Amino acid sequence: MVTGAGAGPRAGRVRGERARGPSAALDMALRRRPSLVLLLLLVRGCLIGAVNLKSSNRTPVVQEFESVELSCIITDSQTNDPRIEWKKIQDEQTTYVFFDNKIQGDLTDRAELLGKTSLKIWNVTRKDSALYRCEVVARNDRKEIDEIVIELTVQVKPVAPVCRVPRAVPVGKAATLSCQEGEGFPRPHYSWYRNDVPLPTDSRANPRFRNSSFVLNPETGTLVFSAVHKEDSGQYYCIASNDAGSARCEEQDMEVYDLNIGGIIGGVLVVLTVLALITGGICCAYRRGYFISHDRSGESYKNPGKPDGVNYIRTDEEGDFRHKSSFVI
């Protein structure tokens, strides 16, 4: 333990440094280490003589057919007229958007430069989703080039999905309902409704649907019944939704009916009986000769052969041929 007069002056110096605050302590440290002062001056000079960019939003998200600003701001530069370029990177291909002080490519009539460096796009479409690189070249700066990359996402509202619902399914049989939509971005999620009541992803997880046996996949839009019940009859429709909006298909009826086994067996027996009667009738008619041809109206007449040198003539009285001359020897 330090006591007495020896501790007094040292304690007074410590209290005096604390009283002067952090700035006094920093000045004292700088006086003790001149090399630190030189390093700070060099760093400050490099920062002042370098072009630097920033963006207020590097991941803008906008819905289709709206406008968006791609922010690119020069924070430090000694060059009064730097060169500005914007490039679009999509599907591993790079194309110019702003070059040689004018808009290029498919944005010619839909974009402009805001201020010195920011880019504004009107009426964006799904094809505008891409990476955009802002490049600035300042020839008078120690660091002449700087760039930032902005990722633009264009959301697309889903259109009415295509729904397929079986009209009639017998009790106990499997059934699959499908819902598909191919325009929305990001990819939509699907939900099914029966009689305006939303269906859970698994009927076993909800006591309200304990008499059903279905599983819903919200990613693919399929609603699969392992074995339908009478309670599954009703009007079904599907809704596809994403961050940009939602759309639904028209209601479609699905009827679940009882399968009449006795009626089916009776119908089969009736058909077999009719086929047996038809077969027996055909056989009976064939045996009685109804299918044999009776076209024997006359017999064909064949002229007998005549030897050489013999002539035959036919008289009206006889109605037949007779010998006219004998053989010539």
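**Stop one: the sulfur links**

Select C72 and C134: a disulfide (a pair of cysteine sulfur atoms within 2.5 Å) joins them, with 2.1 Å from S to S. Keep in mind that this is a predicted model, where local features need pLDDT of at least 70, side-chain atom pairs count only at pLDDT 80 or more, and totals for chains, interfaces and linings use all residues. Residues are numbered from 1 along each chain as its sequence is written, and side-chain values use heavy atoms, leaving out hydrogens and water.

Look along the S-S bond of C72 and C134: the torsion is about -70 degrees, so this disulfide is left-handed. C72 is buried at 1% relative accessible area (buried means under 20%, exposed over 50%, partly exposed in between, with a 1.4 Å probe and protein chains only). C134 is buried too, at 0%.

Next, pick C179 and C238, whose sulfur atoms sit 2.2 Å apart in a disulfide. C179 lies in strand β14 (residues 175-180) and C238 in strand β19 (residues 234-242), so the pair ties together parts that are 59 residues apart in sequence. Strands here are DSSP runs of E, at least two residues, numbered from the N terminus.

Now select C163 and C249, another disulfide, 2.1 Å from S to S. That link is left-handed, with -95 degrees about the S-S bond.

Methods:
Helix = DSSP H or I, 4+ residues; strand = E, 2+ residues; numbered from the N terminus.
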